[in-house]
Amino acid sequence: MKAHLVIRAQWAAWVLTGLLLFALISPAAAEGDAPGLEAVAIRSADHATYSRVVFDFRRHMPYEAVVAGETLEVRFARPVDVDFGRLAASPLAAIGNPSATLEDGATVIRFDVPAEARLRHFRDGTKIVLDALGSGHRAADALLPEEIAQLAALSEAVLIQSQAPAPDTAEAEPPAAAEPASDQAEQPEPAEHAEDAAPVEPEAEAPEPAPVAETSEPAPAPAGKLAFTAKDEHGVATLSFAWDKLVSAAIFQRAGYLWIVFEEPAAIDARLITDLPGDRFRSAALISHPRALVLHSLLRPGQFVDAARDGTTWHVTVADSPAPPGKPLAITRQPAGDGTIRLFLPIDEVGGRFALTDPAAGDRLVVVTVPGAAGFASKREFQEFTILATAQGVAVAPKADSVLVERFPEGVAINGAGGLALSENIPGDRMNGAYGGPRRYFDFAAWGRAEDGPYSEIKNDLLYALSMAPADGRNPARWDLARFYLAHGLAGDALGVLSLMAEDDASLETNPDFLAIRGVANFRLRRFESARSDLDSPALESEPDIYLWRTAVAQALGDSESALAHYRRADGALTAYNETERVPFQFAAAEAALAMDRLDIVKRELDYLDGYDLPLADISRINYLKGALERAHDKRSAALAHFDQAAESASRRTAAKSEYARVTYRLEADEIAAEDAIDRLERLRFAWRGDAFELELLDRLGRLYVDKGDYRAGLYTLRQAASNFPKSATTRNIASTMAEIFSTLFLAGEAEKLPAVQALALYYDFRELTPLGADGDAMIRRLSDRLVSVDLLDKAAELLDHQVSFRLEGAAQAQIASKLAMVYLMDGKPEQAITTLRATRHGGLTADVSRQRLLVEARALIELARYEEAEVLLEDELSEDAELLRADLYWGSKDWPRVAAHSAERLDGRWQDEAPLSVNERRQLIRHAIALSLMDDRTGLADLRGKFFVAMRDGQLGNAFDLITADEVQSADKLTRLAESIASVDRLQSFMAAYREEFSTASQLISQTN
């Protein structure tokens, strides 16, 4: 107790100093009382391989724990009132001599530990657990998961006895009704059999837990026969336990471990357990028990467990996505026989009760198996115990030795000596006094006020009350009216009233009740995005039935993964709804499970729905789901039969979905042609709109159009799907598909099979699909080449100009600008060609690209009759292309001597070659002859005729050559007209062909550069 007194004295001095300082700042504040010390309960115990100390805080406490030498030091972030109790007087094997000090406002606790001790520490809720491991063990953070499991299995007993004596049979009570009709109401008689009224085990009192030693006798021979199989496929691992009779089970997760408990013992080949398929199971072992089969397995993080029974076979699935328990259990409050309060879990049929020790945590669990589908979707914390989340059955982790878990024919009771201390933070159900059960945000029966009179009278009363309310105080009356409208299915009217409320009071936009009601109104009006925005408010996180509405909204938006996760978190909220109210949520869960290929969940929800008295529209919906289930199991005839029945539904949505399923199923089997499928699906486009079904339909229809080669219809349909559902996860896949189709068209060359105008129109209609980077640039260049080939020069220039102006920079921009300038030249726009080239100059170009840009600019200058500039530009160029440009330059400037001299130089000796003359050579000869005629060089003409007459006689421009070089002297006027005529033809044909050749050369050069 010395350490306890020391820390109290330090705390008092610290508080007094703080109060004096506070009084100097605010005299009024000094009148308040000093805050009390934060008390913490400490528990301690020795185990087989470690010593444990548990600090049981009432709220979250930040902490740090380290071992230095022979000292274990724990630092808590706040001052704490510590009472070490028996730990100070009776040290543990590996932890002792506790002390506590206050350092800088934090509490530091130190223990003596052996030099070889290793520390393992973790947080369990608000508790902080410290373990000093014995010699030869590593710290927890240095252990592999398999090693942790092995260590834990060795450190604890398999079975623990209850610390409470078995209650007298006469005192044990069966469950009472939640709300007796009167104080004198007759209570049910006690159970007839002691095994039903009293705890199943132990048979005798045991004041302290008595773990079974590791060398205990082997369990008796199993009575039941069990075939075990395991598989991991389609993203789900499945463990199947095929019993020869009906066996109840409890299946749950705790601290990363999977527990599977059956009420019958059985033998399983240990090799199958230790070699489970896939990577979801880190380790697995059977825990010995004389009356049960218990499997304990460490799972990979992020795994979710589900369970379902098919006849006498149990299937346990482990997957990356959660699934709800088959029938969420509720918790009710009941009076016990001694006047105290106990909690009761109503269950139609109860199996066995088993007390076990958790080898990983070192504490005890009480597990009750259940034969039918039932479990808790989320953990429930009470002061004296925790009810764990389960996929099947009931699992309770007592925090106090006095907690007693009893089973009765009608359910499971949880009690304690002197009654239970129910925490204030466990909300009571508004109905029937249930504790820990669902809290209904939406009591439509009460809001509808049907018992108060006819609809019209109640509506008039509410409107009258609203009219009489003061202008600044109308929202309470509006609130009653909005809920009244919503309860009677008038979501639009309700939303209108809610909008007026929000206009008067902006703070309602963060009010959870307001957001919940508005979210449901938006959902019923099919405004799903708005509904999700309202219902996803963090202020509603703690309300179980909100998750039911989130399930319905998410599934309407096509987000099946979120829908299933919400449905699991809804916990036991369904138990607060009647069958009629449950149906929409169970349908949403079944459809989400179908989309996620969780067929076990689909079957389970259908089994429940089959037991309801449903209208014909819902029966048709069940038929559709059954057809989808049969289709998944490849039962073709049964699937089509269900779809045929559902397609006759009066519900447009169910009929449309069933027709869609029939069409796609038969299309996949090649029973109908794609054209027929497209025609039938087109008729469904307006049968049902606005939710995930429309998105799926448009997606499938668009892909069918593309497969048939109708790219415009396909891309248009896919774009409509993406536009209508911009936030759906499916839309991302659709956008990716559209980009792939566009790439196939304009990058892989598929569009070249289309007429050029059609290809251009297709590009412009969906140009937003053009990717950034090199692929997008290549698409544009490829299309522009196609357009040039069919003389759509202005359209080709538009494409390239957009690329130069908005998509490219630097050297890449300069390269494409050269190509654009060529298009301008071919389109008779040399001025724009020069402007483009000079606006995109760049110093980092290769020699080939620079030379090409120079030649294009020279050509543009020649076209503009700016011959001197062109000649200067070509001054240092000696290439063949430059020589051709010089010939054009001399010809355009009418410098006949230079035309003749340049032609003679270019054709020197060519007359001796028997090879046919090329088009360029014939053009040069005609130019040469005209130049000589205009210079009146008859000798030169005679020489030229003598050398080339035979070669020119039968080819292009042959007649013109004969006329010009004949002995007859032509007049200057006639020669000028002939020259102009020939030049005109030359420009329209030969020159254009040269430009196109240059264009093609530049295109190849740019492609190679990229």
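Visitor: Which two strands form a hairpin with two residues between them?
Guide: Strand 6 and strand 7 do, and Asp 104 in the turn has a positive phi of about 55°. Bear in mind that this is a predicted model.

Visitor: How many bridges hold the pairing of strand 6 and strand 7?
Guide: Six bridges, and the pairing is antiparallel. Strand 6 covers residues 96–103, and strand 7 covers residues 106–112. Gly 96 has Asp 112 as its bridge partner in strand 7.

Visitor: OK. What is the phi of Asp 597?
Guide: About 65°, a positive value, although Asp 597 is not a glycine. Asp 597 sits in the loop between helix 14 (579–595) and helix 15 (599–610).

Visitor: Let's zoom out. How many helices and strands are there in the protein chain?
Guide: The protein chain has 35 helices and 27 strands. The chain has 1010 residues, and 49% of them count as buried.

Visitor: How many bridges does strand 22 make with strand 23?
Guide: Two, in the antiparallel sense, and strand 23 spans residues 385–387. Thr 386 in strand 23 stands opposite Glu 381.

Visitor: Now helices. At what angle do helix 16 and helix 17 pack?
Guide: Helix 16 (residues 616–632) and helix 17 (residues 636–647) pack at about 160°, and their axes are 8 Å apart. Helix 16 is therefore roughly antiparallel to helix 17, since angles over 145 degrees fall in that class. The contact involves several residues, including Tyr 624 and Arg 631 of helix 16 and His 642 and Phe 643 of helix 17.

Visitor: Is that crossing left-handed or right-handed?
Guide: Helix 16 passes helix 17 in a left-handed crossing.

Visitor: How do the axes of helix 22 and helix 23 cross?
Guide: They cross at roughly 150° and come within 12 Å; helix 22 is residues 729–746 and helix 23 is residues 756–765. Helix 22 and helix 23 are therefore roughly antiparallel, and their crossing is left-handed.

Visitor: Which residues meet there?
Guide: Phe 742, Leu 745 and Phe 746 of helix 22 meet Ala 759, Leu 762 and Tyr 763 of helix 23.

Visitor: Some single residues, then. Is Tyr 485 buried or exposed?
Guide: Tyr 485 counts as buried, because its relative accessibility is 8% and the cut-off for buried is under 20%. Tyr 485 is part of helix 8 (residues 475–487).

Visitor: What is Tyr 485 in contact with?
Guide: Leaving aside neighbours within four places in sequence, the contacts of Tyr 485 include Tyr 455, Leu 463, Leu 490 and Val 497. Phe 444 is 41 residues from Tyr 485 in sequence, with 9.8 Å from C-alpha to C-alpha.

Visitor: And Asp 777, buried or exposed?
Guide: Asp 777 is buried, with a relative accessible area of 10%. Asp 777 belongs to helix 24 (residues 774–789). Not counting residues up to four places away in sequence, Asp 777 touches Gln 803, Arg 807 and Leu 808.

Visitor: Last one. Is Phe 686 buried or exposed?
Guide: Phe 686 counts as exposed, because its relative accessibility is 59% and exposed means over 50%. Phe 686 lies in the loop between helix 19 (674–682) and helix 20 (692–708). Ala 656 is 30 residues away along the chain, and the C-alpha atoms of Phe 686 and Ala 656 are separated by 9.4 Å.

How values were computed:
Residues numbered from 1 in each chain as written. Predicted model: local features only at pLDDT ≥ 70, side-chain atom pairs only at ≥ 80, totals over all residues. Heavy atoms only, no water. Pairing = 2+ DSSP bridges. Helix = DSSP H or I, 4+ residues; strand = E, 2+ residues; numbered from the N terminus. Buried < 20%, exposed > 50% of the residue type's maximum accessible area, 1.4 Å probe, protein only. Contact = heavy atoms within 4.5 Å. Axes fitted to C-alpha atoms, helices over the stretch in contact; angles between N-to-C directions. Parallel < 35°, antiparallel > 145°, perpendicular 65-115°, else oblique. Left-handed = near helix turned anticlockwise from the far one by under 90°.
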